[in-house]
Amino acid sequence: MKIISPNWNSIDTVLLDMDGTLLDKYFDDHFWEEYVPAQYALRNGISDDQARAELMPRYRSREKTLEWTNLDFWSQQLDLDIPALKRQVQHLIAVHPKVVEFLDRVKEAGKGLYLVTNAHDKTLDLKMERTALAHRFDGIVTSHDIGMPKEDPAFWEGLRRIIPFHPESTLLGEDTEAVLGSAALYGIRYLVFVAGSSSAKPPKDSETYYSVRDFGEIMP
Ligand SMILES: [Mg+2]
């Protein structure tokens, strides 16, 4: 596949992922890989390492499904109040550098601007409450609204019934290559990979997609 750099003259709609793309993925990684295992360990009288060894395969078995992001599912599975635990570490929710300026510029340029996320409503609500980004978008759609995760190419057809966009004049910003892959199959033209998804990990460019460290690199 040819790497295509964004050409703002031919873009009328911008779709952006939330976690890792607009917000620091450190929050999510820390929450699922450290905080939840620690709470699970306390509750079950096991060590943090034992908890992690038990939980990681359980997480992985739900990847690329709607269950993975469904907080109610995990509350029930782990017998923990996952939304309440998220609130306990909400101070770690942070917006990536250049994001607010980028959103403003996209709006000023007259493009349609939508947040499109696999996140569950309860995660979305908490993050929008903490970051106050919601009003900057023309709309917010979650995969739970569509009934399938973004990794499924049929997701984009479902999204199109809610948001009017033309794949050939749309830009998608994402930190998950599998989602860019499903969008490519559907025909979305401008695919941007956010390499600096977590402040705790070194950025790593994609070999397949146009990569940026932050949105300052592709300001309209
Ligand atoms: Mg993401």
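I began with the contacts in the protein: among those between residues at least 6 apart in sequence, 64% join residues at least 24 apart. Two residues are in contact here if their C-beta atoms, placed from the backbone, lie within 7 Å.

I noted that this is a predicted model, in which local features need pLDDT of at least 70, side-chain atom pairs count only at pLDDT 80 or more, and totals for chains, interfaces and linings use all residues. Residues are numbered from 1 along each chain as its sequence is written.

**Overall form**

I looked up the secondary structure and found ten helices and six strands. Helices (H or I, at least four residues) and strands (E, at least two) are DSSP runs, numbered from the N terminus.

The C-alpha atoms fill a box of roughly 60 × 35 × 30 Å, taken along the principal axes.

**Cores**

I found that 33% of the 220 residues count as buried. A residue is buried if 20 or more other C-beta atoms lie within 10 Å of its own. A nonpolar core is a set of buried Ala, Val, Leu, Ile, Met, Phe, Trp, Tyr and Cys residues joined through C-beta atoms within 7 Å.

The largest nonpolar core has 34 residues, of which Leu172, Leu180, Ala183, Leu191 and Val192 touch the most other members. Among the elements that each supply at least two residues of this core are helix H10 (177-186) and strand S5 (190-194). S5 gives the largest share, five residues.

I followed Leu180 and, leaving aside its neighbours within four places in sequence, found contacts with Leu172, Glu174, Leu191, Phe193 and Tyr209. A second, separate core of seven residues includes Tyr40, Trp74, Ile82 and Leu85.

**Domains**

I recorded domain 1 (8-25 + 93-218) and domain 2 (27-91); such bounds come from an automatic or database domain assignment. Their centres, taken over C-alpha atoms, are separated by 25 Å.

I found 20 residues of domain 1 in contact with 13 residues of domain 2. On the side of domain 1 that touches domain 2, helix H7 (121-131) and helix H8 (143-146) each supply at least two residues. H7 provides the largest share of that side, four residues.

Key: Buried ≥ 20, exposed ≤ 12 C-beta atoms within 10 Å, placed from the backbone.
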